[in-house]
Amino acid sequence: MSLKDKLLSSHLVFEDRSDMGSYVNNLRNDAIKVFKEKGFPSKKEEAWKYTSLNSVLKEDYSVFPKQETALEYKDVKKYFIHDIDSYKIIFIDGKYSSHLSQTTHAGIDVCLMSSALSKPKYRLVIENYFNKAASEDSLSSLNTAFSSEGAFIHIPKNKLVEKPIQIIHFSTGNEAATMLQPRNLVVVDENSHVQIIERHQSLTNNPVLTNSVTEIFTAKRAIVDYYKIQNDNENASLIDNTFIKQKQESLASVHTFSFGGKLIRNNLNFYQNGERIDSTLKGVTIIGNKQHVDHNTLVHHIEPNCESHQDYKGIFNDKSTGVFNGKVVVEKEAQKTNAFQANNNILISDKATINTKPQLEIFADDVKCSHGCTIGQLDESAMFYMQSRGIPKKEAKALLMYAFSNDVLSSVKIPELKQRITKIIASKLGVSLGFDL
Amino acid sequence: MSKYTEDDLREELKTKEYEYGFYTDIQSETFPVGLNEDIVRAISKKKEEPEWMTEWRLESFRIWQDMIEPDWANVNYEKPDFQAISYYSAPNSKPKYDSLDEVDPELLDTFNKLGISLDEQKKLAGVAMDVVVDSVSVATTFKKTLAEQGIIFMSISEAIKEHPELVKKYIGTVVPQKDNFYAALNSAVFSDGSFCYIPKGVKCPMELSTYFRINQAGTGQFERTLVIADEGSYVSYLEGCTAPSRDENQLHAAVVELIALDDAEIKYSTVQNWFPGNAEGKGGVYNFVTKRGLCEKNAKISWTQVETGSAVTWKYPSCVLKGDNSVGEFYSIAVTNNFQQADTGTKMIHLGKNTKSTIISKGISAGKSQNSYRGLVQINSRAENARNFSQCDSLLMGNECGAHTFPYIEAKNKSAKIEHEATTSKIGEDQIFYCNQRGIDTEKAIALIVNGFSKEVLNKLPMEFAVEAQKLLEISLEGSVG
């Protein structure tokens with residue numbers, strides 16, 4: 001039985017379990033129809049030209065985990081940014097782990113999607129925001145059809161959330177292969193500010209496929225910083241669909257750090273519904289072996305005087321493949337738009353591949369839009385300079401690569417997170433950087 | 001002080017009619033509409049082609065029948081009905097001429113109206129012309145001069161008869177019959193075109209040029225051009241076209257193949273000014289062209305194009321950099337106005353070591369037009385030290401037009417160096433202010449800026465052609481240039 005058939009039949013079971021007739025249930029039923037019609041995307045689709053899901057879809061995934069597993073904090077501590085105080089929403093094989101989590105309802109809601117879906121007091125928020133940003137592509141629809149658990153974050157007006165929120169999805173590998181479909185909703189009201197760190201981590205080498213959807217809504221003058229750490233082991237695949245709807249004068253930034261996993265696809269979509277909005281999309285990708293990372297971004301400039309900044313850096317070793325497909329659309333009304341897009345890549349091995357397609361679609365005349373894209377090598381004279389001053393070749397190389405990715409790192413606003421990522425980069429490059437960053 | 005503003009310019013652009021729209025009444029022999037194997041055979045027979053050519057056409061036709069018309073380009077148009085087109089039309093008076101005096105005077109008049117009279121060309125520029133009116137070559141000049149050097153420059157139907165070994169060896173090697181829908185169609189029904197062969201070590205003494213022209217109502221034109229530059233030779237080939245004002249859509253599906261053998265260099269320049277449709281977007285030519293060049297060792301192919309016409313353009317002059325140290329270049333200006341749509345760009349396929357490519361593309365959109373750049377830079381795993389530089393700039397006039405960029409970059413070699421940059425902007429108020437301040441009125445200022453914007457590409461055109469290019473830019477963007 002193909003994964004598609006399995007999912008379709010599992011949905012019938014899933015449907016029986018959930019209460020009929022509710023708002024979300026109708027959405028789920030519509031969504032499964034969309035998925036049934038469209039199926040998994042193939043390479044024939046323009047957006048999937050360079051990424052094939054075939055190798056990922058052939059596993060026999062179990063869609064509903066059978067047993068619950070408990071994890072001890074000391075065993076998984078290293079996956080947390082543990083040296084700062086934070087709210088935590090932790091899932092183990094798709095199930096919420098109250099033991100590891102630290103949620104709150106004091107003034108702000110940092111809790112679970114399942115409780116938000118079931119409790120009447122969240123009904124209004126759910127009906128106003130749930131599935132209002134996600135697009136109707138097949139993978140997002142698939143997630144919607146099975147949406148039941150994930151993080152629910154609602155920050156009311158004028159709140160500065162003083163500590164970051166960590167969302168971590170663990171998979172324990174109890175099943176031979178697991179498919180997870182977390183669904184996150186983040187609603188940030190006027191003048192509020194929140195920082196979120198998201199991570200997916202599998203604890204064994206059993207294959208995992210995560211098809212995640214995150215919807216983020218930023219109201220007037222709200223600020224959201226979202227960080228994604230993708231450093232999973234080599235049998236874990238991730239399809240991350242993130243949709244961000246921004247209202248006027250809001251600031252949203254998403255940083256994606258892709259260092260691991262078998263296949264990672266990031267569908268990152270920004271919609272600017274208001275004036276003077278600022279959107280930032282940044283990412284560092286450092287991969288090797290046969291890993292595959294695909295960044296597929298969209299920034300839709302709908303109204304005037306908005307800005308967007310995209311900066312993606314990639315370092316590719318061994319037989320890895322990197323894809324960047326960035327699209328900026330500037331509508332006719334969106335005059336005075338300032339859109340910038342950069343994608344710089346370094347190929348370290350002859351077997352590595354980069355496919356990049358920075359795309360502009362512009363319908364307004366008074367705009368400043370530019371994109372740049374480079375593929376190149378490390379500067380030999382810089383290497384020579386360092387080596388002539390006694391820095392070994394390996395370290396010199398690492399330093400240059402670190403400097404290369406520093407444009408992205410420098411805008412990370414949580415110092416502990418920055419430090420952690422620096423360490424991951426150093427270990428990826430096989431050196432210990434002897435300076436504090 | 002003139003009060004000429006961008007709005008005025010826009011207004012002028014809107015109302016600007018196609019100046020070269022007229023229709024010459026030459027008796028034509030036209031085939032019945034529709035396409036089937038019999039028509040393909042009949043075309044081949046009409047042209048007195050050898051058996052292998054007929055077979056080649058039929059093979060292409062069979063391939064074409066199984067293909068689906070592509071729709072991935074960023075253009076919208078009513079798909080042509082391929083069974084409603086007449087696939088062959090030739091001017092009636094057919095004898096070949098050695099001198100211009102023998103040419104049908106009405107035809108000469110046509111060219112005089114276009115301002116590109118053969119006489120003038122002959123005297124001033126020393127350009128040999130292989131004039132194509134409705135698919136059949138009617139005049140070839142300077143043939144003798146060229147023949148002395150061993151250069152073969154003739155219509156492709158003549159070449160099939162006189163130099164079958166060359167045609168057979170090279171036709172379809174760069175653009176195979178099954179390459180794409182329109183290439184297959186062209187391979188099946190191509191009516192005529194130019195053939196050029198430059199022998200080893202010969203530097204062609206003059207610019208070779210062909211003027212294409214659609215002249216018969218409802219006749220699609222299917223040109224086939226084959227240029228072969230043998231080892232160490234050099235040729236500069238010019239192609240330009242205008243078409244009369246007609247209401248129904250006309251289809252133009254040409255195939256151009258360039259072959260540059262070791263150390264050879266081909267410079268191929270195009271000025272395209274097919275009828276773009278009127279201000280309401282009615283009519284206009286569909287221009288679906290496949291152009292590709294193959295570079296052997298140390299060879300160089302340079303494409304330069306000025307695209308101002310056609311209702312729909314779908315064109316990607318490409319270079320396959322097969323030999324080591326080969327060089328590919330692409331310089332383009334695409335101007336769209338009113339309801340024109342252009343989806344154009346290039347493909348640079350790096351296969352050999354130390355290959356280099358440069359892409360400079362300038363798009364100017366006005367009115368309600370859509371202008372897209374679509375390009376591919378591909379570095380294969382064996383292409384050590386490949387180098388590419390791409391730059392695509394767009395200039396938008398008014399907020400009803402669109403500019404799009406679709407650059408595909410695929411690198412499979414670590415020593416590759418690729419740079420791509422694109423910008424989109426309008427004519428800056430500060431730039432105009434700067435000019436105004438120095439006593440240059442706004443109209444002149446816009447002209448200066450647009451000129452400067454396109455300069456990098458205009459500079460690449462051969463001198464004789466640059467004048468024509470300027471002229472065509474004027475028609476498309478009158479009031480802003482010169």
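Two residues are in contact if their C-beta atoms, placed from the backbone, lie within 7 Å. By this criterion, 31 residues of chain A are in contact with 30 residues of chain B. This is a predicted model, in which local features need pLDDT of at least 70 and side-chain atom pairs count only at pLDDT 80 or more, while totals for chains, interfaces and linings use all residues. Residues are numbered from 1 along each chain as its sequence is written, and chains are lettered from A and ligands numbered from 1 in the order in which they are written.

Strands are DSSP runs of E with at least two residues, numbered from the N terminus. On the side of chain B that touches chain A, β23 (402–411) and β24 (417–425) of chain B each supply at least two residues. The largest share, ten residues, comes from β23(B). By class, this side of chain B has eleven nonpolar residues (Ala, Val, Leu, Ile, Met, Phe, Trp, Tyr, Cys and Pro), seven charged (Asp, Glu, Lys and Arg) and twelve polar (the others, Gly among them).

Strands pair if DSSP finds at least two bridges between them.

Within chain A, strand β15 (residues 292–301) is largely enclosed by the rest of the structure, because eight of its ten residues are buried (20 or more other C-beta atoms within 10 Å of a residue's own, all placed from the backbone). Ten bridges join β15(A) to strand β13 (residues 263–272) of chain A, in parallel, with Tyr271(A) opposite His300(A). Ten bridges also join β15(A) to strand β17 (residues 321–330) of chain A, again in parallel, and Thr297(A) stands opposite Gly326(A) in β17(A).

Technical notes:
Helices (H or I, at least four residues) and strands (E, at least two) are DSSP runs, numbered from the N terminus. A residue is buried if 20 or more other C-beta atoms lie within 10 Å of its own, exposed if 12 or fewer, and partly exposed in between; C-beta atoms are placed from the backbone.
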